[in-house]
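Take a look at the model below. The walk-through starts with the overall layout and then turns to particular residues.

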Amino acid sequence: MILRLFIINALVYLGLKLLWLAAPATGLDFEAAVAQLLLPPTLEGVAGRPWTVLTYMFTQCDFRHLLVNMLWLGGFGTLLARDAGHWRVLALYLVGGVGAAAMFLLSSLTPFAPAEPLAGASGAVIALTVAAGVVSPGRKIKLTYIGEFSMSHVVPLALLAFFFCSLPEAMAHAGGLFCGIAAALAWRRSRPAAAARASAPSRGALSQPDEYSTLVAKANAQGYEALLPSEQRRLYELTLRRGSRR
């Protein structure tokens with residue numbers, strides 16, 4: 001799922017570059033064409049182009065914008081997918097983008113109303129980044145040439161890159177951040193206590209059938225990708241044992 005999101009963003013970016021190159025020869029109004037994808041800065045504009053609430057979050061207008069967003073998507077999105085599953089990552093990408101759009105439009109009601117439309121996956125990517133940190137704050141990640149750090153330290157630093165901007169853009173980014181925190185807290189509360197015990201080094205006194213049922217229930221609820229590698233191996237072993245008894 002992460003790869004698919006990456007491909008969609010990259011294809012939209014390349015498509016716009018090709019359209020820009022072809023515009024002079026075809027007489028196409030490039031800016032008017034791009035405006036069909038970007039989120040207008042006013043509620044009236046969005047009412048006329050409601051699809052832009054979704055299309056804007058796949059439209060990167062420059063390579064630096066694309067590079068940063070895709071690096072964060074690939075890094076933190078992949079970590080989150082290990083804990084929450086790929087489909088939840090997709091859902092949060094979309095919800096984070098919509099939440100960012102809502103906050104951006106809210107800024108149009110303030111004295112600092114935006115003059116330019118909103119583009120890019122920043123709000124969606126921020127939602128994934130902060131969610132990865134909230135779901136697994138103690139996870140250790142190794143940064144090349146720097147060392148090993150926990151997610152609780154890396155995520156705040158990673159988010160700083162998105163808040164050196166105008167107030168409307170900062171409000172949009174805050175919308176993605178709030179969506180990420182809310183989703184992560186909800187996932188943590190809904191995580192079955194038995195599944196948490198099964199993923200710990202000490203499995204306690206769980207019997208084999210109970211352990212098998214717990215892992216199957218987690219895989220059915222969150223997707224097989226949500227299982228930790230150790231849980232996937234354990235589920236495979238238990239499945240083989242159950243099969244050998246028949």
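Read along the sequence, the protein chain runs α-α-α-α-α-α-α-β-β-α-α-α-α-α. That gives 12 helices and 2 strands. The model is a predicted one.

Next, the packing. The protein chain has 246 residues, and 42% of them are buried. Take the contacts between residues at least 6 apart in sequence: 68% of these join residues at least 24 apart. The accessible surface of the protein chain comes to about 13200 Å². Carbon and sulfur atoms account for 66% of that surface.

Met1 sits in the segment before helix 1, which spans 2–26. Which residues does Met1 contact, leaving aside its neighbours within four places in sequence? They are His86, Trp87 and Leu90. Val89 belongs in this picture too. Met1 and Val89 are 88 residues apart in sequence, yet their C-alpha atoms are 7.9 Å apart in space.

Now the charged pairs. Side chains of opposite charge can pair when their charged atoms come close. How many salt bridges does a search of the whole structure find? The count is 2.

One of them joins Asp83 and Arg139. The closest N and O atoms of this pair are 2.5 Å apart. Asp83 lies in helix 5 (residues 63–84). Arg139 lies in the loop between helix 7 (122–135) and strand 1 (140–143). Is Asp83 buried or exposed? Its relative accessible area is 12%, so Asp83 is buried, as the cut-off for burial is under 20%.

The other salt bridge is formed by Lys218 and Glu231. Here the closest N and O atoms are 3.0 Å apart. Lys218 is in helix 11 (residues 208–222), and Glu231 is in helix 12 (residues 229–244). The pair is 13 residues apart and links distant parts of the chain.

What of burial in this second pair? Lys218 has 8% relative accessibility, so it counts as buried. Glu231 has 1% relative accessibility, so it also counts as buried.

Notes
Residues are numbered from 1 along each chain as its sequence is written. This is a predicted model: local features need pLDDT of at least 70, side-chain atom pairs count only at pLDDT 80 or more; totals for chains, interfaces and linings use all residues. Side-chain values use heavy atoms; hydrogens and water are left out. Helices (H or I, at least four residues) and strands (E, at least two) are DSSP runs, numbered from the N terminus. Buried means under 20% relative accessible area, exposed over 50%, partly exposed in between (1.4 Å probe, protein chains only). Contact means heavy atoms within 4.5 Å. Accessible areas come from the Shrake-Rupley method with a 1.4 Å probe; for residues, only the protein chains shown count as cover. A salt bridge is a side-chain nitrogen of Lys or Arg within 4 Å of a carboxyl oxygen of Asp or Glu.
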